[in-house]
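Visitor: Hello! I am new here and would like to understand the terms you use. Could you show me around?

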Amino acid sequence: MRPFTYERASTPRAAAMAARMSGAKFIAGGTNLLDLMKLEIEAPTHLIDVNGLALDRIEATEDGGLKIGALVRNTDLAADPTVRKDYPLLSRALLAGASGQLRNKATTAGNLLQRTRCAYFYDPNMPCNKRQPGSGCSAIGGYTRSLAVVGGSEACIATHPSDMAVAMRALDAKVETVQSDGSERVIPIAEFHRLPGDTPHIETALEPGELITAAVLPKSIGGKQVYHKVRDRWSYAFALVSLGLIVHRDGTGRVALGGVAPKPWRDETAEAELPRGAKAVTAKLFARAKPTEENAFKIQLAERTLGAVLADARAEP
Amino acid sequence: MRSSDSFQVTRRDLMIVGATAIAAHAAPAVALDQPADLADLTAARPESFFPMVGFSVNGEPRSMKVDTRTTLLDALREHLHLTGTKKGCDHGQCGACTVMVNGRRINSCLTLAVMHEGDSVITVEGLGSPANLHPMQAAFIKHDGYQCGYCTPGQICSSVAMLKEVEAGVPSLVTEDLTTSATASLAEFRERMSGNICRCGAYSNIMEAIAEVAERKA
């Protein structure tokens, strides 16, 4: 790990101001950042500890939604009675990720900002455009089984690893932030994560120093909510394909996928096909897919997973 | 570690090494052709990299001067010589370093010591002693919940905190109905303990130990 200085921030605005300094980074749960700092993939010169900010509450909003503080831990969010009742998809997605120990530390904002688990990103000896812009992509032409089948570019085919973000995308969450000049803004989750294009090192819409303060969910749309994660190991592993589904009695609904793209993968025109079944939905979701020989199975796996989950949802009262 | 810059010395490294020399020669602390950043400003103050931190460990207040890079795990083992907590992968994957902070189990390798000012840390040494074992420690011995024993302190701290999570109504991936509380079952324990890896494969005995303690509690 490279040396760094450390401070505890007292207010969100002060934190965002401090983060203007070059080399500064926020730390909350630290479960992803410290892992990457040990490998010197992340090498901040200054850490701003935001854990003391009072951003750890879950509150009802005026329009019947839910405001989730940036520092709410994954365990607490998954266990929250309102989330379990009105947004079970979110609880299920959180519980499908990581381990009990990690969920006790990991925060809502940190989860949205997780870096990819692409093996080449994690190997400092290999070129990676995300880790070292312009150095090339080792994954393209390399071992690609776990990597993106859709949404990637000539520069990067890494996937976004979060389960929670898939649920947030299906639930139309909004991300609230404070910028380093003190101004606040709201970013819809659909615009929060960026596709790699030719700048895969820029992963979100956040500006330098911008701090996430909350994730806000609109009023629950009800329906049957399911999160289904397919992985090589039944617990404590990243998704090959994961699926967040909300389906209503009339067969309409929403679907977002994890494990297949650089961001939670949802397409509103594709989900309009839900009443016609899984094949029609996935045909549209993967219309522009560019799979490799090793990861093409993910498309069929996604279709079959959606088919099975839809059949289950219809069979149950 | 990066091959391209493994022999590169950064400006900041030079500043840190040179801090004493600068003081001795009374040379200007910042004589750089590039804009001063935070590292430049603090390099002349090594204490910024070695702050004091205080937290309680197994009920006793402890304070120490640590390199900011020190993880809670290294603070426990190297500064406080509490070597019960083990370093396995050092990347949050194996669970050998599990301790309880303010009552919750976490991976002590993935958190910095300086982030725990005022916290209460319980390690395996704080759960019980050879003369007065914690029920979970006694159950691990009775059921042979280990072979080499390296993952055991983490397994024990994790399982003690895990049973409290079940009691507190925290759901898991295998909890069928999210609107009701999870029941204590082997399926629940297995899922909730997936963050603790045992390379000897003593899992079935670990489960027996946990089940016995859970039953006794119920």
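Predicted model: local features only at pLDDT ≥ 70, side-chain atom pairs only at ≥ 80, totals over all residues.

Visitor: Why is T31(A) called buried?

Guide: Buried means under 20% relative accessible area, with exposed over 50% and partly exposed in between (1.4 Å probe, protein chains only). T31(A) has a relative accessible area of 17%, so it is buried. T31(A) lies in the loop between β2 (24–27) and α2 (33–38) of chain A; helices (H or I, at least four residues) and strands (E, at least two) are DSSP runs, numbered from the N terminus.

Visitor: What does T31(A) touch?

Guide: Contact means heavy atoms within 4.5 Å. Not counting residues up to four places away in sequence, T31(A) touches L102(A), K105(A), A106(A) and L110(B).

Visitor: What makes M164(A) buried?

Guide: The relative accessible area of M164(A) is 1%, so this residue is buried. M164(A) is found in helix α8 of chain A, and among its contacts beyond four places in sequence are L77(A), L90(A) and L112(A).

Visitor: What is meant by the largest nonpolar core, and which residues touch the most other members?

Guide: A nonpolar core is a set of buried Ala, Val, Leu, Ile, Met, Phe, Trp, Tyr and Cys residues joined through side-chain atoms within 4.5 Å. The largest one has 51 residues, and L90(A), M168(A) and L217(A) touch the most other members. Helix α8 (residues 164–170) of chain A gives the most to this core, with 6 residues. Apart from it lies another core, of 31 residues, including Y236(A) and M64(B).

Visitor: How do you know what span to expect for helix α9 of chain B?

Guide: The expected span is 1.5 Å times one less than the number of residues. Helix α9 (residues 203–217) of chain B has 15 residues, and its reach of 21 Å from first C-alpha to last is close to the 21 Å expected. Its buried residues include I206(B), I210(B) and V213(B), and their cover includes α6 (135–142), α7 (152–167) and α8 (186–192) of chain B.

Visitor: What makes a space a cavity, and how many are there?

Guide: On a 1 Å grid over the protein atoms alone, a cavity is a set of points where a 1.4 Å probe fits but cannot get out, whereas a pocket is an open set with protein on both sides within 12 Å along at least five of seven lines; lining residues have an atom within 4 Å of a point. The count comes to 4 cavities of 30 Å³ or more. About 120 Å³ of space lies in the largest cavity; a volume is the space filled by probe spheres set on the points, which are joined across faces, edges and corners. Of its 16 lining residues, the closest to the centre are K130(A), H160(A), R194(A), E203(A) and P262(A).

Visitor: Where does the largest share of the lining of the second largest pocket come from?

Guide: That share, 6 residues, comes from β9(A). The second largest pocket holds about 1000 Å³ of space.

Definitions and conventions: Residues numbered from 1 in each chain as written. Chains lettered and ligands numbered in written order. Heavy atoms only, no water.
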